[in-house]
Amino acid sequence: MTGFGLGCLTACGLTLIWRATTTPQRVRQHRLWGWLAESLAQAGFAEISSARLVGVCLACGTTTSLVVLSLSHSVVISGFLGLTACAAPILLVRYRQRRRRDALRAVWPDTIDHLASGVRAGLSLPEALVQIGEAGPEALRAPFSQFAEDYRVSGRFNESLDHLKESLADPVGDRVVESLRLAREVGGHDLGRLLRTLSSFLRDDARTRGELESRQSWTVNAARLAVAAPWVLLMLLSLRPEAVNAYDSPAGVLVLVFGAVTSFVAYRLMMRIGRLPVEQRVLR
């Protein structure tokens with residue numbers, strides 16, 4: 001009886017340990033794929049899947065490792081530089097994401113003013129949105145033109161708004177779309193004033209954020225250069241046989257590992273310290 005009870009307790013303990021070590025990993029994995037998909041959508045690459053982005057990262061790392069290995073004949077150096085190159089596609093996506101977010105932030109006030117003017121002139125909401133696709137800012141013409149096509153084909157305003165929100169992938173766009181949906185459903189009479197207030201708020205926010213970013217841009221760029229410089233130097237040193245022999249030793253591997261960890265921690269710390277608050281998409 002004692003042995004049977006001890007066996008049951010052991011089985012329960014092993015089951016709890018297995019669930020504790022596997023379930024959070026699955027959650028993290030799903031969050032990683034969701035983060036990649038969201039970053040691709042906000043960068044304007046919605047047609048690219050997260051798995052394809054990961055494949056591109058692995059291809060960049062493998063190609064870099066093979067090229068460095070053929071030049072330096074060092075497995076250690078080629079491996080570390082290959083791991084560094086794996087992050088290049090993600091950094092490119094993040095760069096495009098920031099550029100697109102800044103571009104949309106700059107044109108949203110004028111777009112909302114244009115929409116408010118159309119509503120004040122007596123246009124219906126679908127007609128005002130279609131006008132943005134024809135005469136609005138260049139950065140927003142494509143998604144609003146797609147909205148016009150969806151609405152002409154289906155005639156369903158809510159579904160067309162959902163597609164517009166997905167193609168925009170922008171927090172401000174989510175707020176505008178939901179305001180229009182609410183006004184369409186309940187027949188709000190203050191939509192024009194709401195849009196003008198939102199436009200004024202966004203214009204002030206863009207001006208303040210632009211001043212802050214211009215002041216800190218040189219500091220952030222200098223920090224990024226400081227993080228990238230050692231690895232560029234390592235690539236140049238890999239062409240010298242004496243440097244290759246030094247890094248192929250256990251002490252050289254330890255130096256590379258310490259340098260990689262230090263660079264990663266310093267970069268993340270720099271990004272966290274210099275990060276400005278970014279509005280999240282909560283109305284999806």
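How many salt bridges does a search of the whole structure find? The search finds 10 of them, a salt bridge being a side-chain nitrogen of Lys or Arg within 4 Å of a carboxyl oxygen of Asp or Glu. The model is a predicted one, in which local features need pLDDT of at least 70 and side-chain atom pairs count only at pLDDT 80 or more, while totals for chains, interfaces and linings use all residues. Residues are numbered from 1 along each chain as its sequence is written, and side-chain values use heavy atoms, with hydrogens and water left out.

**First stop: Glu178 and its partners**

Select Glu178 together with Lys165, whose side chains meet in a salt bridge with an N to O distance of 2.5 Å. Glu178 belongs to helix H8 (residues 171–186) and Lys165 to helix H7 (residues 157–168), so this pair ties together parts that are 13 residues apart in sequence; helices here are DSSP runs of H or I with at least four residues, numbered from the N terminus. Lys165 is buried, with a relative accessible area of 8%, whereas Glu178 is partly exposed at 23% (buried means under 20% relative accessible area, exposed over 50%, and partly exposed in between, with a 1.4 Å probe and protein chains only).

Another salt bridge to display is that of Arg156 with Glu159, where the closest N and O atoms are 3.9 Å apart. Arg156 is partly exposed at 48% relative accessibility, and Glu159 is partly exposed as well, with a relative accessible area of 40%.

**Second stop: the aromatic rings**

Across the whole structure, a search finds three aromatic pairs, where rings of Phe, Tyr and Trp (its six-membered ring) pair if their centres lie within 6.5 Å, and planes under 30 degrees apart count as stacked, over 60 as edge-to-face and the rest as tilted. Select Phe147 and Tyr151, whose ring centres are 6.1 Å apart with the planes at 15°, so the pair is stacked. These two residues are four apart in helix H6 (residues 138–154), and are therefore separated by about one helical turn. Phe147 is buried at 0% relative accessibility, while Tyr151 counts as partly exposed at 23%.

Tyr151 also pairs with Phe157, this time edge-to-face, at 6.2 Å centre to centre and with 90° between the planes. Phe157 is buried at 5% relative accessibility, and Phe147, Tyr151 and Phe157 form one aromatic cluster.

**Last stop: Arg105**

Move to helix H4 (residues 88–120), where Arg105 is placed. Arg105 counts as buried at 18% relative accessibility, and its side chain makes a polar contact of 2.8 Å with the side chain of Asp102 (a polar contact is a pair of N or O atoms within 3.5 Å; within protein, one must be able to donate a hydrogen and the other to accept it, and residues adjacent in sequence count only if both atoms are side-chain atoms). Which residues is Arg105 in contact with, leaving aside its neighbours within four places in sequence? Select Asp205, Ala206, Arg209 and Glu213 to see them, contact meaning heavy atoms within 4.5 Å.
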